[in-house]
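Subject: A structure for you to explore

Hi there,

Here is the structure I promised to pass on to you. Have a look around it first, and then read my notes below.

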Amino acid sequence: MTARPANGHQARVLRLLRDAGPQSRAVLGDQVELSRSKLAVELDRLLDTGLVVPDGLAASRGGRPSHNVRLAPSLRFLGVDIGATSVDVAVTNAELEVLGHRAAPYDVREGPVAVFEQVLAMAAELRDTGAAESFDGAGIGVPGPVRFPDGVPVAPPIMPGWDGFPVREAMSQELGCPVLVDNDVNLMALGEQHAGVARSVRDFLFVKIGTGIGCGIVVGGQVYRGVTGSAGDIGHIQVVPGGLSCACGNHGCLEAYFGGSALSRDAAATAAAGQSAALADRLASAGTLTSADVAAAAAAGDGASLDLIRQGGNRTGQVIGGLVSFFNPGLVVIGGGLTGLGHTLLASIRSQVYGQSLPLATGNLPIVLSELGPTAGVVGATRLISDHVFSPV
């Protein structure tokens with residue numbers, strides 16, 4: 001089992017080395033606010049654990065040159081991002097640089113046993129490439145509510161068979177390392193905070209628009225999960241009282257009107273009604289319609305497809321506008337598979353939020369697309385588990 005830091009000072013050093021790369025002892029001393037002698041003691045203890053290794057001499061700052069240290073190059077973290085229709089698996093080093101990545105289409109409704117057989121197969125592929133011999137920790141994201149301390153999904157609307165499944169316990173046994181499990185959008189927010197557009201922002205919202213819609217809430221640099229882990233479940237905020245039925249059992253939810261499933265449904269209805277020749281042609285050739293079909297038709301100037309995107313963006317912006325008025329974030333990041341719908345979607349969301357919320361909340365509020373795109377979840381998963389491994393025992 002991977003060693004763990006013995007105290008907060010050691011944990012601080014490990015996280016600094018993770019986020020900034022190799023550092024000199026002198027620079028580390030400035031950042032952790034320890035005397036030279038106390039820092040030397042803590043670094044020597046970390047060197048003894050094997051978590052940290054020497055990395056040559058640092059550039060001189062005048063006087064005797066300091067020695068660099070870095071995280072052990074052998075450390076490996078596994079990130080797993082399970083979506084409604086796909087699985088992404090990545091291996092990173094201790095500095096969270098992606099060393100290998102695999103992605104495959106997969107239906108989460110197949111159930112946890114089948115999905116995790118796929119995950120383990122993909123992890124084995126990455127081991128076979130030489131990206132990792134073993135894993136020092138794994139983070140796993142799933143597209144539904146998670147009781148975070150236990151690593152257990154709870155009544156996820158689009159995940160039949162997953163309620164109460166012991167994901168953390170089962171995967172820890174399979175992988176032989178510590179495992180943490182969280183809602184996928186929380187991990188996307190963490191990924192964007194670590195290596196994306198939110199690097200310098202401590203209070204922001206990450207809104208995932210995929211098969212469903214969710215929101216990661218970052219407050220003071222930390223993900224806010226709520227008392228039971230269900231914070232950010234904005235896809236089930238009502239936007240039309242008494243409206244369409246939703247997979248959660250309620251009516252009028254945002255997800256009943258927008259998201260991958262709703263957009264496919266509405267695109268098919270539009271094609272069947274003869275309102276879009278472009279969508280009708282695609283439906284006739286493929287038998288189904290996806291968000292990619294709507295995006296392609298919209299890019300070609302199809303008015304009905306553009307209207308579908310604008311309507312979805314307006315409804316999503318309506319909910320985000322309420323969140324902005326309540327939370328007053330410094331940034332809103334939009335991610336997930338439906339960002340492929342392009343600028344029309346983003347413009348509709350922006351227009352609704354800026355028009356609905358007060359100027360004090362929106363005057364300096366950027367609403368931007370995710371910088372990491374489809375890798376945000378796996379980067380966030382490895383950030384989550386590295387925070388755990390680099391915490392005191």
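This is a predicted model: local features need pLDDT of at least 70, side-chain atom pairs count only at pLDDT 80 or more; totals for chains, interfaces and linings use all residues.

Five strands make up an open sheet with mixed pairing, in the order β13-β12-β11-β14-β15. At its edges are β13 (222-223) and β15 (367-369), each of which pairs on one side only. Strand β14 (residues 332-335) runs parallel to β15 and is joined to it by three bridges. In this pairing, V332 stands opposite I367 of β15. Helix α12 (residues 343-356) packs on the sheet, where it touches β11 (204-209), β14 and β15.

Next, look at R76, in the loop between β3 (67-71) and β4 (77-82).

Finally, the aromatic rings: a search of the whole structure finds four pairs. F77 and F390 form an edge-to-face pair, with 5.9 Å centre to centre and 75° between the planes. They are 313 residues apart in the chain, and both are buried. The rings of F116 and F165 have planes at 15° and centres 6.3 Å apart, so this pair is stacked. F116 lies in helix α4 (residues 112-128), and F165 in the loop between β9 (152-153) and α5 (167-175). Ring pairs also link F116, W162 and F165 into a cluster.

Enjoy exploring!

How values were computed: Residues are numbered from 1 along each chain as its sequence is written. Side-chain values use heavy atoms; hydrogens and water are left out. Two strands pair if DSSP finds at least two bridges between them. Helices (H or I, at least four residues) and strands (E, at least two) are DSSP runs, numbered from the N terminus. Contact means heavy atoms within 4.5 Å. Axes are lines fitted to C-alpha atoms, for helices over the stretch in contact, and angles run from 0 to 180 degrees between N-to-C directions. Rings of Phe, Tyr and Trp (its six-membered ring) pair if their centres lie within 6.5 Å; planes under 30 degrees apart count as stacked, over 60 as edge-to-face and the rest as tilted. Buried means under 20% relative accessible area, exposed over 50%, partly exposed in between (1.4 Å probe, protein chains only).
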